[in-house]
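Here is my note on the model you sent. Please read it with the coordinates open.

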Amino acid sequence: MARILGVDLPRNKEMRIAIRSIYGVGAKLAVDVLNSSGIELTRNSNDISEEEVQAIRNVLESGFSVEGDLRREVGLNIKRLKDMGCYRGLRHRRGLPVRGQRTHTNARTRKGKAVAIAGKKSIKQMK
């Protein structure tokens with residue numbers, strides 16, 4: 001099993017897919033990294049040698065912000081917005097959507113599980 005930047009790559013997948021398990025590496029960056037390190041895109045992650053793992057590691061460390069550095073950078077950006085007290089920072093603080101999405105009916109991912117309000121839908125008898 002290959003380990004790159006503290007992440008175990010998934011077994012039995014093509015390298016262009018397996019390398020995406022690293023935080024900050026998407027489809028395009030995966031192809032760029034593999035091409036610059038001289039590894040076939042369709043090569044199986046089980047068949048990769050230690051020298052090839054080292055080549056991938058060198059390419060990622062030299063020119064790209066990935067994994068720990070990227071997580072730290074994103075966290076600091078969010079902290080800066082919160083400290084500044086701007087609108088986006090307030091939305092982060094409250095755990096609400098930041099980019100203008102509606103919250104009346106959706107946004108369950110950010111807001112969490114819906115909580116019922118007692119007595120909201122009371123049916124009144126009419127004569």
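The points below go from the whole chain down to single residues.

1. Basis. This is a predicted model: local features need pLDDT of at least 70, side-chain atom pairs count only at pLDDT 80 or more, and totals for chains, interfaces and linings use all residues. Residues are numbered from 1 along each chain as its sequence is written, and side-chain values use heavy atoms, without hydrogens and water.

2. Elements. The protein chain has six helices and two strands. Their order from the N terminus is β-β-α-α-α-α-α-α. Helices (H or I, at least four residues) and strands (E, at least two) are DSSP runs, numbered from the N terminus.

3. Overall form. The radius of gyration of the protein chain is 23 Å, well over the 14 Å of the globule rule for 127 residues, so the chain is more spread out than a compact globule. That radius is taken over C-alpha atoms, and the rule is 2.2 Å times the number of residues to the power 0.38. Along its principal axes the C-alpha trace spans about 80 × 40 × 20 Å.

4. Burial. Of the 127 residues, 28% count as buried. Buried means under 20% relative accessible area, exposed over 50%, and partly exposed in between (1.4 Å probe, protein chains only).

5. Core. The largest nonpolar core has 19 residues. Such a core is a set of buried Ala, Val, Leu, Ile, Met, Phe, Trp, Tyr and Cys residues joined through side-chain atoms within 4.5 Å. Ile19, Ile22, Val25, Ile56 and Leu60 have the most contacts inside it. The elements giving two or more residues to this core are α2 and α3.

6. Ile19. Contact means heavy atoms within 4.5 Å. Leaving aside neighbours within four places in sequence, Ile19 is in contact with Leu9, Val25, Ala30, Val33, Leu34 and Ile56.

7. Helix α3. Which residues of α3 are buried? They are Glu52, Val53, Ile56, Arg57, Val59 and Leu60. These cover an arc of only 160 degrees around the axis, which puts them on the same side of α3. The arc is that of the directions from the helix axis to the C-beta atoms. What covers them includes β1 (3-4), α1 (15-18) and α2 (27-37). The face turned away carries the exposed residues Glu50, Glu51, Glu61 and Ser62.

8. Glu67. This residue lies in helix α4 (residues 67-84). Glu67 is buried, with a relative accessible area of 14%. Leaving aside neighbours within four places in sequence, Glu67 is in contact with Leu5, Val7, Ile22 and Tyr23.
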